[in-house]
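Please look over this model with me before we discuss it.

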Amino acid sequence: MRRHGTMTREEACDMIWSLYLISGAPMYEAPDYDSTQPWPYKDERDNDIAAKSRVISALSIMDTKQMSRNLGIHEQRLKHLHAAYAAAIIKRLKSLHLPDFGKKETALKDEIIRSHPANPDGNVIGSDIKDYEWTHRWNNLVTFSSRNSMYHSYVSGFMEKIFVPMLVKYFPDQAGEVVKYIRKAGYGDGEVLDLIDRTAGYNSNTAYLYQGKSGEEHRKKLQRKQSGE
């Protein structure tokens, strides 16, 4: 995408289809956190999550005007396609995240440690672990916890910050379209303006998103918060 020169129509089609396939590809069919089955993807823990993230990154730097000329389709149609890809990815990762999992993780780890036959008193686990089912259970819990954190960090720390400004750029003065895709990404009505606040913020480019009674009330609430009231 960053190379010099103009893409051919065939190259542009290949790119759009590739992004579509990666966007819709299933996540790893990972064992549950209490499973005794071995992790099936050798040396891979988050490549599926990272791949989804790279799709959104690719969409954000794509020149939709040039791409629409290459493909011979209306630019606005391409923008809707990009927005749909990004929304579907974010919704998928949000749906997999368990916000309260950390509260019970410690108890789960303690229970697994106590269940190890070589450590009936819950002592520190040594390196000579021969109970493979126990090992898989421990590894699955650690991996599940790590992936659960990644779902949230990838969405809130990266994807949201690209997604909302992209929608603002694609649909200026079309608040309905921006809100539509934010909802498609899995956000409820009460979350929309909070999401805009922490990503694009209130400015001359986003003021149209704060129109209406709810937008005005939200602005006042934000102003009170900023002033420390």
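**Notes on the helix packing**

1. Start with H1 and H3. Their axes come within 8 Å and cross at roughly 115 degrees. Axes here are lines fitted to C-alpha atoms, for helices over the stretch in contact, and angles run from 0 to 180 degrees between N-to-C directions. Helices (H or I, at least four residues) and strands (E, at least two) are DSSP runs, numbered from the N terminus. The crossing of H1 and H3 is left-handed. That term applies if the near helix is turned anticlockwise from the far one by less than a right angle; clockwise is right-handed.

2. Which residues of H1 and H3 meet? From H1 come Arg9, Ala12, Cys13, Met15 and Ile16, and from H3 come Met67, Asn70 and Leu71. Contact means heavy atoms within 4.5 Å. By class, this contact of H1 with H3 has 6 nonpolar residues, 1 polar and 1 charged. Ala, Val, Leu, Ile, Met, Phe, Trp, Tyr, Cys and Pro count as nonpolar; Asp, Glu, Lys and Arg count as charged; the others, Gly among them, are polar.

3. A word on the source. This is a predicted model, where local features need pLDDT of at least 70 and side-chain atom pairs count only at pLDDT 80 or more, while totals for chains, interfaces and linings use all residues. Residues are numbered from 1 along each chain as its sequence is written, and side-chain values use heavy atoms, with hydrogens and water left out.

4. Now the whole protein. It has 9 helices and 0 strands. Of its 229 residues, 37% count as buried. Buried means under 20% relative accessible area, exposed means over 50%, and partly exposed lies in between (1.4 Å probe, protein chains only). Take contacts between residues at least 6 apart in sequence: 69% of them join residues at least 24 apart.

5. Next, H2 (residues 47–61) and H6 (residues 132–170). They pack at an angle of about 15 degrees, with their axes 10 Å apart. That angle makes H2 roughly parallel to H6. The cut-offs are under 35 degrees for roughly parallel, over 145 for roughly antiparallel, 65 to 115 for roughly perpendicular, and oblique for the rest. H2 passes H6 in a left-handed crossing. Residues in the contact include Ile49, Ile56 and Leu59 of H2, and Met150, Tyr154 and Phe158 of H6. The contact of H2 with H6 has 12 nonpolar, 3 polar and 4 charged residues.

6. Two residues of H2 deserve a look. Asp48 is found in H2. Is Asp48 buried or exposed? Asp48 is buried, with a relative accessible area of 8%. Beyond four places in sequence, Asp48 touches Met27, Tyr28 and Arg147. Ala58 also lies in H2 and is buried, at 11%.

7. Val192 lies in H8. Val192 counts as buried, at 6% relative accessibility. Leaving out residues up to four places away in sequence, Val192 touches Val179 and Ile182.

8. Ser68 is found in H3. Ser68 is buried, with a relative accessible area of 8%. Setting aside neighbours within four places, Ser68 is in contact with Ile73, His74, Glu75 and Leu78.

9. Last, a loop residue. Asp173 lies between H6 and H7. Asp173 is exposed, with a relative accessible area of 66%. Asp173 has a positive phi of about 65 degrees although it is not a glycine. Most residues other than glycine have a negative phi.
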